[in-house]
Amino acid sequence: RRQRTFAMIKPDAVGKLGEILDVIEGREFEITQMKMVRLTQSQAAAFYREHEGRKFFEALLEYMTSGPVVAMELTGQDAVSRWRATLGPTDSSVARTDTPNSIRALFGTDKQANAAHGSDSELSATREIEFFFPSSKVVDELLPQ
Ligand code: CMP
């Protein structure tokens, strides 16, 4: 089923953006929205609010605000589960043994600096896509007369 998911290249992997885009396109995802942004602490906390209270939360915010991220909407067949499979397990060192061709195995470092994020369900995908890409309005003043 054709579906959308949310993908984010994290600060540790933005220097490998070209190689990661090659993997994405090679696995037949269509990049339907994309932007590079530097998150503020409060934006990172809002995005990861389900992890608030976990012992890694403060370190996660520190990491996610250490440089720009690249946010993407990916569209394709079973995009949510296929993108999660393409990422591999959360911990990059586990990924290197279990799924050596995955993005986290190839481009991540450990369980925190794991190169990229993917939505865990269709519901999270909708929330996360809307978080980064609130529908923009075309205002009359910007239209050619
Ligand atoms: P992500 O899939 O984006 O979702 C939450 C993020 O928190 C995760 O990737 C990691 O970057 C980080 N994370 C999850 N578990 C841990 C952990 N045990 N220790 C440190 N960071 C973690």
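## Ground rules

Two residues are in contact here if their C-beta atoms, placed from the backbone, lie within 7 Å. Helices (H or I, at least four residues) and strands (E, at least two) are DSSP runs, numbered from the N terminus. What you're looking at is a predicted model, in which local features need pLDDT of at least 70 and side-chain atom pairs count only at pLDDT 80 or more, while totals for chains, interfaces and linings use all residues. Residue numbers start from 1 along each chain as its sequence is written.

## The sheet

Let's start with the four strands, which form an open sheet in the order β2-β3-β1-β4, with antiparallel pairing. At the edges sit β2 (30–37) and β4 (116–118), each pairing on one side only. Neighbouring strands are turned by 20° against each other on average, direction ignored; axes are lines fitted to C-alpha atoms, for helices over the stretch in contact, and angles run from 0 to 180 degrees between N-to-C directions. Strands count as paired if DSSP finds at least two bridges between them.

Now for the individual pairs. β1 and β3 share eight antiparallel bridges, and Gln3 faces Gly76 in β3. Between β2 and β3 there are seven bridges, again antiparallel, with Glu30 opposite Thr75 in β3. Strand β1 (residues 2–9) also pairs with β4, over three antiparallel bridges; here Ala7 has Gly118 of β4 as its bridge partner.

## A helix across it, and the core

Helix α7 (residues 122–132) lies across β1 and β3 (69–77), and runs at about 55° to β1.

The largest nonpolar core has 25 residues, and the ones touching the most other members are Ala7, Met8, Ile20, Leu74, Trp83 and Ala116. Such a core is a set of buried Ala, Val, Leu, Ile, Met, Phe, Trp, Tyr and Cys residues joined through C-beta atoms within 7 Å. At least two residues of this core come from each of β1, α1 (17–26), α3 (57–64), β3, α4 (79–87), α6 (103–107) and α7.

## Around the ligand

The ligand has His51, Phe56, Leu60, Thr90, Lys111, Gln112, Asn114 and His117 around it (C-beta atom, placed from the backbone, within 6 Å). By class, that shell has two nonpolar, five polar and one charged residues. Ala, Val, Leu, Ile, Met, Phe, Trp, Tyr, Cys and Pro count as nonpolar, Asp, Glu, Lys and Arg as charged, and the others, Gly among them, as polar.

## Loops worth a look

For burial, count the other C-beta atoms (placed from the backbone) within 10 Å of a residue's own: 20 or more is buried, 12 or fewer exposed, and in between partly exposed. Arg54 lies in the loop between α2 (41–47) and α3, and counts as exposed because it has 11 C-beta neighbours inside 10 Å.

Most residues other than glycine have a negative phi. Glu28, in the loop between α1 and β2, has a positive phi near 60°, and is exposed, with 10 other C-beta atoms within 10 Å. Ala115 also has a positive phi, near 75°. Ala115 belongs to the loop between α6 and β4, and counts as buried because 25 C-beta neighbours lie inside 10 Å.
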